[in-house]
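Subject: Structure for your review

Dear colleague,

Please find below the structure that I am handing over to you. Kindly look through it first; my findings follow directly after it.

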Amino acid sequence: MTENSRNLDSKNKKYLPSLIILLGIAALAAAIILFKNQPVETIAPAAESLEERFDSYLEAGKPVFAFFHSTNCQSCIDMMKIVAEVYPEFAGTVEIVDVDVYDARNENLLRRAGIRSIPTLIFFNRQGQGYVSIGVMEAGQLRQELATIKESK
C-alpha cells in the first residue's frame, strides 16, 4: 500500500462515525415523511361491559334474560346446556346477558342483582320488571318464560 492510500484510509476512518450518523438521520427523516401521510389508526374504545350492555337493553325497553352462572358448578353446566338448546329460538327478540360470576369485571352487576346462588336466571320484561328463578329450569319452562317476556308490552 502506498503512503497516499494509507493517508486516504485514515481520513475516511476519521469521518466514518459522522457519515453513519448522517445516514441514520436521513433514514429517520425519510421514514417520518413516508409515514406522515399514512392514515392514523384510532384506538378502538374498550369493549362495552356486561353491566353497560344490560343497562342499555333495559333503557331501550327490550326484554332481557340475565343468566348468572359459573363454568364449574354442575347445576350451572346443566343450565348452560338448556340455555344453548332453547335460547336460539329467541335470539334477536330477547336479549341475553350471560354472566360468569367468577369474572371480576362482573362484580358490580352481581351486587346490583343480589346474586347469592347459582345458577340464577332473571327475566326482565320491556318495562324492566324482573322475575327471578334460582337453580336448574326445565327447557319447557325456560321457553315459556322467554316467550312471556318477548310478548310483554
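In this predicted model, Ile-122 has Val-132 of strand E4 as its bridge partner. Leu-121 is likewise bridged to E4, where its partner is Ser-133. These pairs belong to the contact between E3, which spans residues 120–124, and E4: five bridges join the two strands, which run antiparallel. E3 and E4 form a hairpin with five residues between them. In that turn, Gly-128 has a positive phi of about 85 degrees.

Ile-122 also has a bridge partner in Ala-66. The pairing of E1 with E3 is antiparallel as well, and it extends over five bridges.

Are the residues of E3 buried or exposed? Five of its five residues are buried. In a regular strand, side chains alternate between the two faces of the sheet. In E3, Thr-120, Ile-122 and Phe-124 lie on one side, while Leu-121 and Phe-123 lie on the other, and both faces are covered.

The largest nonpolar core has 16 residues, and those with the most contacts inside it are Phe-65, Met-79, Phe-123, Leu-142 and Leu-146. The elements E1, H3, E3 and H5 each give two or more residues to this core. Another core, of 14 residues, lies apart from it, and includes Val-64, Ala-66, Val-101 and Phe-124.

Which residues does Phe-123 touch, leaving aside those up to four places away in sequence? Among them are Val-64, Phe-65, Tyr-131, Met-137, Leu-142, Leu-146 and Ile-149. Gln-129, Gly-130, Ser-133 and Glu-145 are also touched by Phe-123.

Pro-119 is found in the loop between helix H4 (107–113) and E3.

As for the chain as a whole, its secondary structure comes to five helices and four strands. Along the sequence they follow the pattern α-α-β-α-β-α-β-β-α. The chain has 153 residues, of which 29% count as buried. Its accessible surface comes to about 10,600 Å², with 57% belonging to carbon and sulfur atoms. Among the contacts with a separation of 6 or more, 68% are accounted for by residues 24 or more positions apart.

Finally, a word on the confidence of the prediction. The chain averages a pLDDT of 84, and 70% of the residues score at least 70.

Yours sincerely

Terms used. Residues numbered from 1 in each chain as written. Predicted model: local features only at pLDDT ≥ 70, side-chain atom pairs only at ≥ 80, totals over all residues. Heavy atoms only, no water. Pairing = 2+ DSSP bridges. pLDDT = per-residue confidence, 0-100. Core = buried A, V, L, I, M, F, W, Y, C linked by side-chain atoms within 4.5 Å. Buried < 20%, exposed > 50% of the residue type's maximum accessible area, 1.4 Å probe, protein only. Contact = heavy atoms within 4.5 Å. Areas by Shrake-Rupley, 256 points an atom, 1.4 Å probe, with all protein chains shown as cover.
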